[in-house]
Amino acid sequence: MSDESITEKKAPGPTTDLKDMNDLVSLCKRRGFVFPSSEIYGGITACWDYGPLGIEVKRNVKELWWRAMTDRADVEGLDAAILMHPKTWEASGHVSGFVDPLVDCKNCRARFRADQIDKTKYKPNECPSCGKFGTLTEPRQFNLMFKTFMGPLEESASVVYLRPETAQGIYVNFLNVHQSARQKVPFGIAQIGKAFRNEITPGNFIFRTREFEQMEMQFFVKPGTDMEWFEKWKKTRIDWHLANGIRKSKLRFHQHKDGELAHYAKAAFDIEYEFPFGWQELEGIHNRSDFDLKRHQEFSGKKLEYFDEVGRERYIPYVVETSAGCDRTLLVALADAYRTDGDRIWMQLHPNLAPYKVTVFPLMKKPDLLEFKDKVFNDVKKKYRATQDDAGSIGKRYRRQDEIGTPFGVTIDYDSLSNNTVTIRHRDSMAQETIPAEKLTSYIEEKIAGYKVVD
Ligand code: ATP
């Protein structure tokens, strides 16, 4: 028999949340969630690469969103090109209006968005970085779209933009989708894809980057029913974040007041999350009225009306948009999951988001245990993304999995061989349970279905 034991000491002390983003950044680098982009060349500002575990979480985020949207009978999927006809961006208002007011400090060369300088903290014309007065330039309007050239000639006629949002690819395909999918209003179009913004002040890890992914859905409705749909989508979207295990106390709605509303919006609410750096937008829900379709109709000369067969009437639909950042949703999942009690760090990720659902551990590297472990591992990985670890003490192995959020550890010891059982160790409670080996997959299925976040 072994001198190793599968029981571990209970974690002492109270649990704390993520307090400092640097702790998350270093865990992400160490364990392979997120790396600074082009790191061997010194990195490039506000660009990040997803490592082996990060890409798994990101794929889970996208898959959960995609299923939540397109499993509905009234939403269709789309994947439009990043490069679009340049007139798209004139029609959408981005060429003239997608600007931020940029100010520079002539003393310390720091750069700010004038609308983001906290007026309660800093006097007019005081630099938030070096504290000097009178050194800030007048705000200059800076367009956030990345420009490039299509074809071999770098001239104004060939300028194209990297899309700053995915929504416009949906509007220009409204008729194509409506006709090909034979959808009737109300219906929506969902899309996940890259967007690019030359942000003046990127930062806070992957919160604000210059290249990011959006998960956007545009829902086309009959004018007059728009506010009703707006309320429905507000609820649907916050419920989705809650179902992913994000704590209710950390989410809230923020309503855009008159001065804050975008040029296209009739009503707008942000779903905000309380990050260690304060409450910030996670997703926007917007009533965009008929602004976009009307503008594309005007600029393209192509009718974008809908004929309602029941009411025998023609109209341009209103649009309710839900617009979430994929990277930001992932950041919220990681930040919300981060827990520590002193010496233990664990990611209390919802199992649906966790990179691995299960790890299988042989108590020791003995042939009979390894053989049984292989059987269990090969069986469970048919259904769940699983990993295995046989290096070091069992306590250390549990901790390695805690840090990456694996919800279930499955240990094989000599009792397993004699009784055909496995011992499951739970990440959140550290409790252990012994069950028949052949029940493992159905046991995990049941636990994932009933999973509740411990606040
Ligand atoms: P802000 O005013 O903070 O620049 P916004 O209100 O213009 O942002 P939207 O255009 O509503 O943002 O974008 C929709 C969603 O896309 C945001 O809620 C966010 O999750 C994500 N997003 C927007 N910009 C970025 C970015 N630079 N980096 C990462 N995600 C972003």
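Select the ligand and Glu 199: a polar side-chain atom of Glu 199 lies 2.8 Å from a nitrogen atom of the ligand. A polar contact here is a pair of N or O atoms within 3.5 Å; within protein, one must be able to donate a hydrogen and the other to accept it, and residues adjacent in sequence count only if both atoms are side-chain atoms. This is a predicted model, in which local features need pLDDT of at least 70 and side-chain atom pairs count only at pLDDT 80 or more, while totals for chains, interfaces and linings use all residues. Residues are numbered from 1 along each chain as its sequence is written, and side-chain values use heavy atoms, with hydrogens and water left out.

Next, display the whole shell, with a residue counted as near if one of its heavy atoms lies within 4 Å. It holds 17 residues, and Thr 209, Glu 281 and Leu 282 are among the closest. By class, the shell has four nonpolar, six polar and seven charged residues (nonpolar: Ala, Val, Leu, Ile, Met, Phe, Trp, Tyr, Cys and Pro; charged: Asp, Glu, Lys and Arg; polar: the others, Gly among them). Strand 13 gives the most, with five residues (helices, H or I of at least four residues, and strands, E of at least two, are DSSP runs numbered from the N terminus).

Pro 186 lies in the loop between helix 6 (174–180) and strand 9 (187–196), and the peptide bond from Val 185 to Pro 186 is cis, with omega near 5°.

Finally, go to Asn 420, in the loop between helix 12 (414–419) and strand 22 (421–426). Although Asn 420 is not a glycine, its phi is positive, at about 55°. Most residues other than glycine have a negative phi, and most peptide bonds are trans.
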